[in-house]
Amino acid sequence: MKRDKKIIRLAKKLVELSKDNGVVTVARVGEVLAGLKQVQHRHHLTVLKSFLNYLHREIALQTAVVSTPGALSGEALKAIEVTYSKIYGRPVTAVIKQDTSLIAGVRVRVGDDLYDASLAGRLQRLAENVS
Amino acid sequence: MKATFITLLLALSLPLGLVAAADAHATSLDSVAEVAELGAHPTAHEIAEHAEAVLKHSEAVAKAEGNKLTKIANKFGVTWPTLIAQMLNFCLVAFVLYKFAVKPIAATLDERQQKIADGLQYAEEMKTQLAEAERERAEKIKQAAIDAQKILTESREQSKEMIEQKTQEAAAQAEAIIRKASEATELERQKMLSDVRQEVARLVVATSSKVLSRDLSDSEKQTFSDSAAKELAGTAS
């Protein structure tokens, strides 16, 4: 248990080291991995797994997955990036994901937060309110 | 018994006493007759002389009487030694009879009389006790009847109260059952309505989704998506 806590703490520090101006970059991650390779920690594999896990979480927090059934204008995408960067206080990059089940509109996911402005979501909420 | 014996002795000696009394009475009658022969207003001297004469006469009469008694006794063969011996014999026989016959018989009779008296007293006491027992029995029967009546009345009241209580409980239970059934029916109805609403909403949503997916053009969808993205950006900021 004590060992797990130490590994978790180390993984979190490695994630912090992987950021450049608050944003995880490929270059910094490469440097961190190179450093880990040189150090050769006793629980190398466990540290790497934990680092990867926290890295995914950090990337998810810095990415706004915009689900939409069709194309979206660049202007709308930019507005989403600016707005959510301001809200979370860190640079957020918007990524478009096709989802035809939404019928029309958009659904944005940032980390564990979900913002829904799709037609399917509205109909679903309407149905829930009726029942 | 003792008293009877004494009475017998007295009866035997009574004739001698009567004879002596008759003689004394005759003498006194003679003296009275002589006093009556005096004048209407005698003087003291005459009275004294007369009293002295009477005294002398009395002495003479007494002497003559003694002679008369002696003559009678001699005539009947009564002499002092025989009389005394007979009296002694009589007393001895009387004593023996009293000591060995009369006294035990008297004791036996007294004892028997005492027993009879005790028996009578015992019978009287028993009679009293019987009467008392009869009275107590009657009182107890009366009291028992009163108690029985009281118990019967209490039992009737209790049974009446119990019946009333049970009736009320049954009514309350029936009311509770009816209320629960009504509530269950209402819940069932509400659930059915909710299910119907959910089903209708699901059908409406599914139908609307299909209709919108089929009828909306790509440009319309993009326009809606852009406006939705701007709306999200505006709402979030």
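Me: Which exposed residues does the face of H4(A) turned away from its buried side carry?
Reply: The model is a predicted one. On the face of H4(A) turned away from the buried side, the exposed residues are Gly74(A) and Glu75(A).

Me: Within what arc do the buried residues of H4(A) fall, seen down its axis?
Reply: The buried residues of H4(A) are Ala76(A), Leu77(A), Ala79(A), Ile80(A), Thr83(A) and Tyr84(A). They line one face of the helix, because seen down the axis of H4(A) they fall within an arc of 160 degrees. In general, an α-helix has 3.6 residues a turn, so residues three or four places apart point the same way. The arc asked for is 160 degrees.

Me: How far does H4(A) reach from its first C-alpha to its last?
Reply: Helix H4 of chain A covers residues 74–88, which is 15 residues. At 1.5 Å a residue the expected span is 21 Å, and the helix comes close to that. Its reach in the model is 21 Å.

Me: Which residue follows H4(A), and what is its phi?
Reply: The residue after H4(A) has a positive phi. It is Gly89(A), with phi near 75 degrees.

Me: What is the order of the strands in the open sheet of chain A?
Reply: Chain A has five helices and six strands, and four strands form an open sheet with mixed pairing. S4 (93–98) and S6 stand at the edges, each with a single partner strand, so one side of each has no neighbour in the sheet. From one strand to the next the twist averages 20 degrees. The order is S4-S3-S5-S6.

Me: Why is strand S5 of chain A largely enclosed by the rest of the structure?
Reply: Strand S5 of chain A spans residues 105–110. It is largely enclosed because, of its six residues, the number buried is five.

Me: How many bridges join S5(A) to S6(A)?
Reply: S5(A) is joined to S3(A), residues 63–68, by four bridges, and the two run antiparallel; there Ala64(A) has Val110(A) as its bridge partner. S6(A), residues 113–118, also runs antiparallel to S5(A). Among the partners in S6(A), Val106(A) has Ala117(A) and Arg109(A) has Leu114(A). The bridges joining S5(A) to S6(A) number six.

Me: Which residue takes a positive phi in the hairpin of S5(A) and S6(A)?
Reply: This hairpin has two residues between its strands. The phi in question is near 65 degrees, and the residue is Gly111(A).

Me: Which helix gives the most to the side of chain B that touches chain A?
Reply: In the model, 26 residues of chain B are in contact with 29 residues of chain A. Helices H3 (80–215) and H4 (218–236) of chain B each supply at least two residues of the side that touches chain A. By class, that side of chain B has eleven nonpolar, eight polar and seven charged residues. With 13 residues, the helix that gives the most is H4(B).

Notes:
Residues numbered from 1 in each chain as written. Chains lettered and ligands numbered in written order. Predicted model: local features only at pLDDT ≥ 70, side-chain atom pairs only at ≥ 80, totals over all residues. Buried ≥ 20, exposed ≤ 12 C-beta atoms within 10 Å, placed from the backbone. Pairing = 2+ DSSP bridges. Expected span 1.5 Å × (residues − 1). Arc of directions from axis to C-beta. Contact = placed C-beta atoms within 7 Å. Nonpolar A, V, L, I, M, F, W, Y, C, P; charged D, E, K, R; others polar. Axes fitted to C-alpha atoms, helices over the stretch in contact; angles between N-to-C directions.
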